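Hi everyone, thanks for coming. Please take a look at the screen, and I'll walk you through what I found.

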Amino acid sequence: MSATNLIEANDLVKTYISRKGLFGTPTHVRAVDGVTLSVAPATTLGIVGESGSGKSTTGRLLLGLEEPSEGQVQFDGRPMPKLKSNAWRQLRSRMQLVFQDPLAALDRRIPIGTQVAEPLDIHAVGSEKERKDRVETLLQSVGLRRDQASSYPHELSGGQRQRVVIARAIATNPDLLVCDEPVSALDVSIQAQVINLLRDLQETRGIAMAFISHDLKVVRNISDRVAVMYLGRIVEEAPSEDIFRRPLHPYTQALVSSVPVPGTALKDRIILQGEPPNPAARPSGCAFHPRCAVAMERCRVEIPAFVSVEAGRKAACHLVPATSET
Amino acid sequence: MANPAVQSAPVIGATQKMKSKRRFPIFVAIGVVWIVAMVVIALSADWIRPYAITSMDLRNRLSMMGNPAHWLGTDELGRDVMSRLIESIRISLLIAFGATLISAFVGTTLGFLAAYFRGIVEQLVLMLADFQAAMPFLIMSLAVLAFFGSSLTLLICLMGFYGWERYARIARGLAIAASGQGYASAVTQLGAKPSRVYLKHILPNIASTLIVSMTLTFPEIILMESSLSFLGLGVQPPMTSLGNMVGYGREYLTRAPWIMLAPSFVIMLTTLSISIVGDWLRDKLDPTVS
């Protein structure tokens, strides 16, 4: 991988131990299983997948909010400092998270202006006066009124709350923003506003983004590159337009065909058979083979490697031939 | 303070929120008035006390209530019951407030430490809490006071250990819940130090629960101090407290019941008031109830 990437993750593995009942034997669940990805400055990487595919965990690992069981994350060329160390805390000013549920992410007893100013207080940015001005600029840049600084989270609408969360996240001018399903709790009309806001912020501030979502339309709209996750692994990664126009991996094909297109009947769609995957009981070989329409004998026994298949595209499927170029 | 209760009744068609804002039940009003009166008496005891608590009026021993010189009567040594009652309120409230604050502080601190460090620290705190809950507090106090003798400071500190395990459990549980998801993890994610997360965010959010817990502990501490003083291990003569007065007055229960009845009445009304106000406060501070 090139050195110009803002953040690089190599072979990330996150294992959780779950135990059934009091005397049950503990089982290791690999929520994230060998994820390698990178985000270049001022670009957006979309991460899509079903529930339980490990996309949120990947986001948290990227931010260093959880320590990977294996592998490592490099931010700006340096390895991620230890969780909750001073260096880790300082690094928070350069990477921020936008939450799925903005109401839960805000303290209901504190006016939003104070909450937006909080990262500035924490990282001791500027003087008292400068912080106050900065909060006003921030609120304006996310489309909130200046006088709303004194309102409490419950007095705002869902979209406004998410704007507050975004304003707080960009307060310290971070280089990386991880958005964990930032619009899935919002109305469709408000989703567009928030997405446009994020795009504008990226254009004006050059923020790199990892955009986690299960909504393909939203991901297609905002992402430069898209990584598709299935059961803790990336099965396909490609530029956004390519992956939606011509998906290579059977799982991606199923996902893309599931997006309703206005004016067309719901036919010629690939309907996934079988149950959603359970990370605790991973199928042998390619994890997708029990639900795959074109699975072969080889898929049952051999795990496909995640290799380069075309210029700028990678996939993990025995049916997609690898190319020699990297 | 009592007036809004009268106005609240005829509000018709107002929203649920308006109703709960205006509602100020009569019992709560009485309770608040009583508590305020007790605090005022405790603070101004030195000025409003008609006699010194040790001054004896030997010609008026065991005088009945209603005596113009001694409204609440006198005890077996001719000491004015009202003066002693006023002084007792001061001592008992001092012990109860001091002990409640100590208990809340110790409990909340330990609870937060358990929630932050988890692992061995949490196990230790929980073990101590279980130990405290399993042990009859009165027996433990008796042992400590019998060994070290009784002084007001020791008594306050000892009472301060009463009920801390409840704060510890509440604080730990709520802090773990808060830091697991939501605002606290969001602030941690912003790079805040644990002190900031716990003191500026978690503490104000769980304060209502802790305050209500304090209003539950407060009357219990008054009763505990009364029991210890009644047993002669609490406040020592010539100093006086509510329980101490009840304890020494019991010998004259048939001949001069007023010695014992006045402090009993104060104990009962004060604990009742604080319980009622605490109950009301819990509903007020919990946004899901209103």
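Let's start with A:S18: is this residue buried or exposed? A:S18 counts as exposed, because it has 11 C-beta neighbours inside 10 Å. The rule is that a residue is buried if 20 or more other C-beta atoms lie within 10 Å of its own, exposed if 12 or fewer, and partly exposed in between, with C-beta atoms placed from the backbone. A:S18 belongs to strand β1 of chain A, which covers residues 7-18. Helices (H or I, at least four residues) and strands (E, at least two) are DSSP runs, numbered from the N terminus.

Before going further, a word on where this comes from. This is a predicted model, in which local features need pLDDT of at least 70 and side-chain atom pairs count only at pLDDT 80 or more, while totals for chains, interfaces and linings use all residues. Residues are numbered from 1 along each chain as its sequence is written, and chains are lettered from A and ligands numbered from 1 in the order in which they are written.

Back to A:S18. Which residues does A:S18 contact, leaving aside its neighbours within four places in sequence? They are A:P26, A:T27, A:V29 and A:A280. Two residues are in contact if their C-beta atoms, placed from the backbone, lie within 7 Å. For a sense of distance, A:S18 and A:Q148 are 130 residues apart along the chain, and their C-alpha atoms are separated by 44 Å. Now try A:E275 and A:R291: these are 16 residues apart along the chain, with 8.0 Å between their C-alpha atoms. A:E275 sits in the loop between α10 (250-257) and α11 (297-301) of chain A, and it is exposed, with 8 other C-beta atoms within 10 Å.

Next, two residues with a backbone angle to look at. A:N173 has a phi near 55 degrees, which is a positive value in a residue other than glycine. You can find A:N173 in the loop between α6 (158-169) and β7 (176-180) of chain A. A:N173 counts as partly exposed, because it has 13 C-beta neighbours inside 10 Å. A:E181 is not a glycine either, and its phi is positive, near 45 degrees. A:E181 lies in the loop between β7 and α7 (188-205) of chain A. With 20 C-beta neighbours inside 10 Å, A:E181 counts as buried.

Let's zoom out to chain A as a whole. Its secondary structure comes to eleven helices and twelve strands. Chain A has a radius of gyration of 21 Å, close to the 20 Å from the globule rule for 326 residues, so it is as compact as a globular protein of that length. That radius is taken over C-alpha atoms, and the rule is 2.2 Å times the number of residues to the power 0.38. Of the 326 residues in chain A, 42% are buried. Among its contacts between residues at least 6 apart in sequence, 64% join residues at least 24 apart.

Now, how many helices and strands are there in chain B? Chain B has 13 helices and zero strands. Along its principal axes, its C-alpha trace spans about 75 × 60 × 30 Å. Buried residues make up 37% of its 290 residues.

Have a look at helix α11 of chain B, residues 194-230. A straight helix of 37 residues would span 54 Å at 1.5 Å a residue, but this one spans only 45 Å between its end C-alpha atoms. The expected span is 1.5 Å times one less than the number of residues. In α11(B) there is a kink of about 50 degrees at B:L203, shortly before the proline B:P204. The bend at a residue is the angle between axes fitted to the seven residues ending there and the seven starting there. Just after α11(B), B:G232 has a positive phi of about 85 degrees.

How do the chains meet? In the model, 14 residues of chain B are in contact with 16 residues of chain A. On the chain B side, the elements that give two or more residues are α10 (183-189) and α11.

Finally, confidence. pLDDT is the predictor's confidence in each residue, from 0 to 100. The mean for chain B is 82, and 90% of its residues reach 70 or more. Over residues 1-21 of chain B, though, pLDDT stays under 50. For the complex, the predictor gives an ipTM of 0.79 and a pTM of 0.78.
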